[in-house]
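This report describes one protein chain from its atoms.

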Amino acid sequence: MWTIFIAILASAVFLSACGSDDSNGTAGSSDQGLKVRVITSTPTATGSWDKPHYDQYSAAAKELGWNLEVAEAVPYGEADQVLSRWGDEKVDIVFSTDNGFEDNFLAAAEKYPDTDWAMMTALSTTKDLPNVAAYLFDWCEFGFLHGVAGGLASKGTVGLDASIHIIPTTQWVLGAEHGIKTANPDAKVITDYTEDVLDPRKAQELASALIERGADVILPVVQSGNSAQIAARAQADGALYVGAYIDESEYAPKATVTSVLFNLENAYRTVGEQREAGNFKAGIFVQGAEDGVFDFAPFGEGFTDLENPARELLEKLKSGEITIPKKCEDAATG
């Protein structure tokens, strides 16, 4: 089982509610609206992965009137008890933002067929269960846009600071290489791995090593728990930085060119609307530039001249004028 994102896991389950000021953090007792639950492996207030997810499903919950409860920073070993409790409560929908819960998630979906289960990232299989879906963004396209920003900013070499060898990392790297070369055919690309997703020291040291090897722009790849430290190290070592998932300019305001953003709010909303209508659609659904799930954060001071060419390439990706090499899409099969 490969896991997309792992952070330092808390030993307790934290519960938060949408529209509730209950001091113990549990959801309000209202029976109005769908009962929607979310399980995460990382905190929702920090890091660059679960924070944007939280903003997106909270917005959908507010718009559609969900009774929302979040179990955050749940260790993988404790997932079964959380999912079983929700199944016993016959909640309407359970979302997960981390495919590290895949085995637990699928087992719970099979045990509790009256609840719809939606993984909001990669899922290797739905096991043909009619109450399981996965929504994820196209990692190749995300990597391409990340590379576009890095290539436009670079005067020589772009360094990819990657964590571990998993499918999203492979696709991201292949997409980034294509984006860098599309934006800047003369740029060189160097990629290396920490083989760790937990240790910020390793991520920082790799950033410095890439810069020593000539990289003038650093891109973090599957480094959501360490991106702040990578950004700070890039700035300290005189390199530029392109963030991922959220606007990361606060971590390195002088070095951050821009960040590539994703938005799955419509996917969250779609699952809720399907449940309300009684026509939940099982399957694995990949969304990309054509679906409007990607954007650039504001370009930093001194880099605003790069925004128009970056957005032109984004529009070409949306329209299909630019395509991603087949080897990148094929990497999803391992």
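Helices (H or I, at least four residues) and strands (E, at least two) are taken here as DSSP runs, numbered from the N terminus. The model is predicted, so local features need pLDDT of at least 70 and side-chain atom pairs count only at pLDDT 80 or more, while totals for chains, interfaces and linings use all residues. Residues are numbered from 1 along each chain as its sequence is written, and side-chain values use heavy atoms, with hydrogens and water left out.

**The chain as a whole**

The chain holds 10 helices and 13 strands. For 334 residues, a compact globule would have a radius of gyration near 20 Å, and the 20 Å of the chain agrees with this. That radius is taken over C-alpha atoms, and the globule rule is 2.2 Å times the number of residues to the power 0.38. Along its principal axes, the C-alpha trace spans about 60 × 40 × 35 Å.

Of the 334 residues, 56% are buried. Buried means under 20% relative accessible area, exposed over 50%, and partly exposed in between (1.4 Å probe, protein chains only). Contact means heavy atoms within 4.5 Å. Among contacts in the chain with a separation of 6 or more, 70% are between residues 24 or more positions apart.

The chain exposes about 13700 Å², and carbon and sulfur atoms supply 48% of that area. Accessible areas come from the Shrake-Rupley method with a 1.4 Å probe; for residues, only the protein chains shown count as cover. The 24 positive and 50 negative charges have mean positions 2 Å apart. In this count Lys and Arg are positive and Asp and Glu negative, with His and the chain ends not counted. Each charge is placed at NZ of Lys, CZ of Arg, CG of Asp or CD of Glu.

Helix 2 covers residues 79-88, and its buried residues are Ala79, Val82, Leu83, Trp86 and Gly87. They lie on the same side of helix 2, because they cover an arc of only 135° around the axis. The arc is that of the directions from the helix axis to the C-beta atoms. An α-helix has 3.6 residues a turn, so residues three or four places apart point the same way. Gln81 and Asp88 are exposed, on the face of helix 2 turned away from its buried side.

What do the buried residues of helix 2 pack against? Their partners are strand 2 (35-39), strand 3 (67-72), strand 4 (93-96), helix 3 (102-111) and strand 5 (116-119). In helix 3, the buried residues are Glu102, Asn104, Phe105, Leu106, Ala108 and Ala109. The cover over these residues of helix 3 includes helix 2, strand 4, strand 5 and strand 6 (132-137).

**Loop residues**

Lysine 90 sits in the loop between helix 2 and strand 4, and its relative accessibility of 57% makes it exposed. Proline 113, in the loop between helix 3 and strand 5, is also exposed, at 54%. Lysine 90 and proline 113 are 23 residues apart in sequence, and their C-alpha atoms are 9.4 Å apart in space.

Lysine 127 belongs to the loop between strand 5 and strand 6 and is partly exposed at 45%. Beyond neighbours within four places in sequence, lysine 127 is in contact with Leu106 and Glu110.

**Positive phi**

Most residues other than glycine have a negative phi. Lysine 90 has a positive phi near 55°. Tyrosine 245, which is not a glycine, has a positive phi of about 80° and is found in strand 10 (residues 240-245).

**Buried residues elsewhere**

| Residue | Relative accessible area |
|---|---|
| Glutamine 274 | 9% |
| Cysteine 328 | 1% |
| Tyrosine 245 | 2% |

Glutamine 274 is in helix 8 (residues 265-277). Not counting residues up to four places away in sequence, glutamine 274 touches Tyr135, Asn279, Phe280 and Lys281. Cysteine 328 is in helix 10 (residues 326-330). With the same exclusion of residues up to four places away, cysteine 328 touches Cys140, Gln171, Leu174 and Gly175. Cysteine 328 and isoleucine 39 are 289 residues apart in sequence and 30 Å apart in space, C-alpha to C-alpha.
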